[in-house]
Amino acid sequence: MSIPKNRPPLSRHAKGHYFDPLPAVPSKPRTVFLHAGEVSLELQADRGVFGSRGIDLGTLQLLNEAPKPPEQGDILDLGAGYGPIAIALARRAPKARIWAVDVNERALELTRANAEAAKTPNVTAALPDEVPPGTRFAAIYSNPPVRVGKAPLHELLVKWLPRLDEGASAYLVVQRNLGSDSLAEWLKTQGYDVKRLKSKKGYRILEVNSHR
Ligand SMILES: C[S@@+](CC[C@H](N)C(=O)[O-])C[C@H]1O[C@@H](n2cnc3c(N)ncnc32)[C@H](O)[C@@H]1O
């Protein structure tokens, strides 16, 4: 069967979402650059994966403003995409094990290749169910997938936040106009201590503490 010459462009729906397990949009790799403090990385991104046109501003804020990761232990990047947060954490904490978790298979493949190129063998890219259930985290860093909708986002946080070690913190970056303040309020109703660490360029960095 031949491909029609004047195939109409894919509709927004056909292009899918960055959180689809297998992106429908054809691959078109692209190199992006991350500079955050002492970390400089060249990363491969792709269509069908969040931030394919360049490092997200929220991601950059998180890496610039959140506290340094603990030196050891298991650390989670929840919703890792092609790995900018996970790999930067791995550079900053070479003795820690960084779990880069995502549902998007293309994102996970990119994270694996990017971690190898960045010489950060302490990154493990995994689907959510591939993380051993007993693993507890010394910290969680996330630019969470707010576009999945409020209920799935809450479900995601309820699944992972209880896996913080006692006294450990999660750092979430959320755009103010995408509901950072209502997310903070909701987290408080779940029994978490929530501090607004920084508010800059329309993004909030929330510190969520596991004391319940
Ligand atoms: C806002 S993006 C951030 C990506 C990357 N950390 C960055 O900073 O560029 C959120 C990511 O969460 C992923 N995601 C969506 N639902 C998820 C789920 N249930 N579990 C884990 N990751 C999920 C998406 O596929 C997406 O890659």
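Helix α4, which covers residues 105–117, has 13 residues and reaches 18 Å from its first C-alpha to its last, close to the 18 Å expected at 1.5 Å a residue, where the expected span is 1.5 Å times one less than the number of residues. Helices (H or I, at least four residues) and strands (E, at least two) are DSSP runs, numbered from the N terminus. This is a predicted model, in which local features need pLDDT of at least 70, side-chain atom pairs count only at pLDDT 80 or more, and totals for chains, interfaces and linings use all residues. Residues are numbered from 1 along each chain as its sequence is written.

Among the buried residues of α4 are Arg106, Leu108 and Asn114; a residue is buried if 20 or more other C-beta atoms, placed from the backbone, lie within 10 Å of its own. The buried residues of α4 pack against β2 (39–45), α3 (84–92), β4 (97–101) and β5 (123–126), with contact meaning C-beta atoms, placed from the backbone, within 7 Å. After α4 comes Lys119, whose phi is positive, near 55°.

Strand β9 (residues 203–209) has 5 of its 7 residues buried, so it is largely enclosed by the rest of the structure.

Note on methods
Buried ≥ 20, exposed ≤ 12 C-beta atoms within 10 Å, placed from the backbone. Contact = placed C-beta atoms within 7 Å.
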